[in-house]
Amino acid sequence: MSTASAHHPKLQHHFVSMDQQFDASKLGMWLFLITEILLFSGMFVAYTVYRVWHPEVFEALSGALDWRLGGVNTLVLLASSFTVAASIHHIQNDNRKGLVRNVILTIIFAGVFMFIKYLEYSGKFSHGVFPGEAYAPFGDHYGHYADVPYAPQFFSIYFVMTGIHGVHVLVGMGIFAWLAFRGARGDFSSEYYTPVELSGLYWHLVDIIWIFLFPLLYLI
Amino acid sequence: MRTLVGVFSGLIVLTILTVVTSRIDLGILNVPLALTIAIGKASLVVLFFMALKWDNRVNGIVLLLGVLFVSIFLIFTLFDTAFRGDLSNVDDTTIMDMEREMTGGDAAADHSEDGSAAAPADH
């Protein structure tokens, strides 16, 4: 038993060192991320099955989604992933201002992403493009999809996949608001930044999901 | 930090690349190419942004196990859905292709440029 002199206040008594505690938390986070991947994989499998059954429908309907909006959103999310990685880099060097600045930038990028998502959704809703039974498109852009067989399935998959992804983005915004608050309060340092690291891992996963959603839904 | 900027630029370039290649009709290659680029981008994020490249091996193993189980999920589901009804089928074509041929019109109409869909127009 060593003396309590070099004992970091954030070190739980059941861990030997801060490093061990950090590694254990991180492994736990990776396990959680796997459950997230499996959650989304159910939807990706549904997508694949319908695509294999009706490839021509999916190919035609990817044109119904605006690749410019999807593309801008991809860049916005990539930028937010970069600012998260940068915030971790800053706190590892004890730069608290850099941490808070980048975390706030991340929240802003996430907000831009959700705003564009809102524009896309409202554009579809106003033309009767709803998920499931409510599907009844009309108007110039969407009207001719009314009688395409399996178009409702495509849009349902689109809404469910992007919707659950959007919920993850909203959750992430909440987490980063909390991190910005704690970072500004001075809770984190190069010794202890586990919450920043783990939230970062979560955010990168949300980014990776979108990296796959964008080409699958908007492009091909 | 320089690495992060480099990776970020790489991701932007790949995003532009996937948009550009999807606008060109490469026939059967469009889907695999888009997926390859997406996997490349995801790998960049995992290795550098999520820092698995320098991380404890066990985290990478956890990720690979996850990917393995997703592949099992996907592939074994497709064994069912892609060949449904074909176990007792002794014809050369799959049940799904036959159904497509029989229904003819609707679904195949989008693909009228390829020969197979044009055939059922007679009956």
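Reader: Why does A:Tyr121 count as buried?

Author: Buried means under 20% relative accessible area, exposed over 50%, partly exposed in between (1.4 Å probe, protein chains only). A:Tyr121 has 17% relative accessibility, so A:Tyr121 counts as buried. A:Tyr158, at 0%, is buried too. Mind you, this is a predicted model: local features need pLDDT of at least 70, side-chain atom pairs count only at pLDDT 80 or more, and totals for chains, interfaces and linings use all residues. Side-chain values use heavy atoms, with hydrogens and water left out; residues are numbered from 1 along each chain as its sequence is written, and chains are lettered from A.

Reader: What makes A:Tyr121 and A:Tyr158 an edge-to-face pair?

Author: Rings of Phe, Tyr and Trp (its six-membered ring) pair if their centres lie within 6.5 Å; planes under 30 degrees apart count as stacked, over 60 as edge-to-face and the rest as tilted. Here the centres are 6.1 Å apart and the planes make 65 degrees, hence an edge-to-face pair. A:Tyr121 sits in helix α4 (residues 96–125) of chain A and A:Tyr158 in helix α5 (residues 151–185) of chain A, so the pair ties together parts 37 residues apart in sequence. Both rings belong to one aromatic cluster, with A:Trp210 also among its members.

Key. Helix = DSSP H or I, 4+ residues; strand = E, 2+ residues; numbered from the N terminus.
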